[in-house]
Amino acid sequence: MTDLWLTDARVPVCLLDGDVAADGDGLARVDVAIADGRIAAVAPAGATRSGTVLDASGSQVWPCPVDVHSHLDKGHTWPRAENPDGTFAGALAATAADREAHWSAADVRARMAFGLACAYAHGTKAVRTHLDSIGKQTAITWPVFAELREAWAGRVALQGVSLSPIDMFADDEAVRVADTVADHGGVLGAVTYMVPEVDRLIDRVIGLAADRGLDLDFHVDETLDPGARTLDLIARAVVTHGFSGTVLVGHCCSLATQPAAVAAATLDRVAEAGIAVVTLPMCNLYLQDRAPGRTPRQRGVTLLHEMAARGIPVAAASDNCRDPFYGYGDHDMVEVFREAVRIGHLDRPVGNWPRAVTATPAAIMGLADSGRIAVGQPADLVLFRARYYSELLARPQAGRVVLRAGQAIDAAPPDYRQLDPLFDGGSDDTATG
């Protein structure tokens, strides 16, 4: 029995199953039946529906988004760890100092939970977070992650990725990190850059993951230096090893500064290797090509259109929020999509790009019940007032309604004052979710 008909909804046709008629913007007008918390039917709009009806009046309806690249453990440190000059080097230094001085289990727990509360209120259904995994921090943060994953189950599905510099994989510490990741059902990650024997170190990352049945997630070439070409090395290594797990790479900024032939050859190898890419448009815009008193010329956007043309899965994600790597952000995937469209010219037409914050990251994370509006899927939806992309992308959509299992949630982003004890010399466990 149908509990609710959501009628006359505009849905990006790329998020629907089957052959559905769409308008010139790629939006289909459909009626969605919800029963027992799941989508029971998706039908062309216009028919008379019996029972409880909620008329969307042509407004857009999306599946709840998925954030496949975040840093919850760094988030919301800005009040005590400002980036002094906005540069990448400044971010690294400020974060290292803050981590050493403050990142206890209670501190990390409070800030991560705060970020999850923001994401949930905005409609995000799943989050993959990188976790600094080096030195003593590995043993502090991963148990906190496990606690929060359990506490937030049913609201935000949480995945963890180890974040370690590629140099670390020359040492025995890499084995300890990989074992910790395996123990917590996580994903093995590394930050790659052009160090001596980087190809051998990439081989070791892949070998450690393969031995433990782990997927891989790399931070790659987060620089405008055209000589940064570890993405090509990763693609070659994945093919050479015959690695069968999922591989995601983020940033890939240097592609935009390399000769066209070099970048094209790398992307061909990425496609051959079956690697997915996530762009982090806001953070890259914040850090790349920054110098005091000088207007940036290059904005760090990777080659999204060229990737899509090769069939490379491309996602967009939030990355950092209110920390030295990005001083703003609110774990809001609607903001991420809006800014990705503006920055990357993902419009005229918008086409399949709504998949970048829904179906594509859900597939990367292995979430079969997320990212689409289809019969049998949970009725986890976001209802906007906006009807057209010109409306959706013009405003923050603060009046959106989030449905989980067909029911509107009653949640708002938490007050920043909730974290004040962390910046007054104390610790706060009140934001644990």
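## Terms and basis

Burial is expressed here as relative accessible area, computed with a 1.4 Å probe on protein chains only: under 20% is buried, over 50% is exposed, and values in between are partly exposed. By this scale Arg80 is partly exposed, with a relative accessible area of 21%.

The model is predicted, so local features are reported at pLDDT of at least 70 and side-chain atom pairs at pLDDT 80 or more, while totals for chains, interfaces and linings use all residues. Residues are numbered from 1 along each chain as its sequence is written, and side-chain values use heavy atoms, with hydrogens and water left out.

## Cysteines

A disulfide is taken as a pair of cysteine sulfur atoms within 2.5 Å, and the search of the whole structure returns 0 of them. For Cys14, the closest cysteine sulfur is that of Cys64, and the separation of 16 Å is too far for a bond. Cys64 is likewise in no disulfide, its nearest cysteine sulfur being that of Cys14.

## Salt bridges around Arg80

A salt bridge requires a side-chain nitrogen of Lys or Arg within 4 Å of a carboxyl oxygen of Asp or Glu. Over the whole structure, 24 salt bridges are found. One of them joins Asp98 to Arg80, with the closest N and O atoms 2.6 Å apart. This pair links distant parts of the chain, since Asp98 belongs to helix H1 (residues 88-102) and Arg80 to the loop between strand S6 (66-70) and H1, 18 residues apart. Helices (H or I, at least four residues) and strands (E, at least two) are DSSP runs numbered from the N terminus.

Arg80 also meets the side chain of Asp107 in a salt bridge, at 2.8 Å from N to O. Asp107 lies in helix H2 (residues 105-122), so its pairing with the loop residue Arg80 ties together parts that are 27 residues apart in sequence.

Elsewhere in the list of pairs, the side chains of Asp289 and Arg294 form a salt bridge with an N to O distance of 3.1 Å. Asp289 is buried, at 19% relative accessible area, whereas Arg294 is partly exposed, at 34%. Through shared partners, salt bridges also connect Arg80, Asp98, Asp107 and Arg111 into one network.
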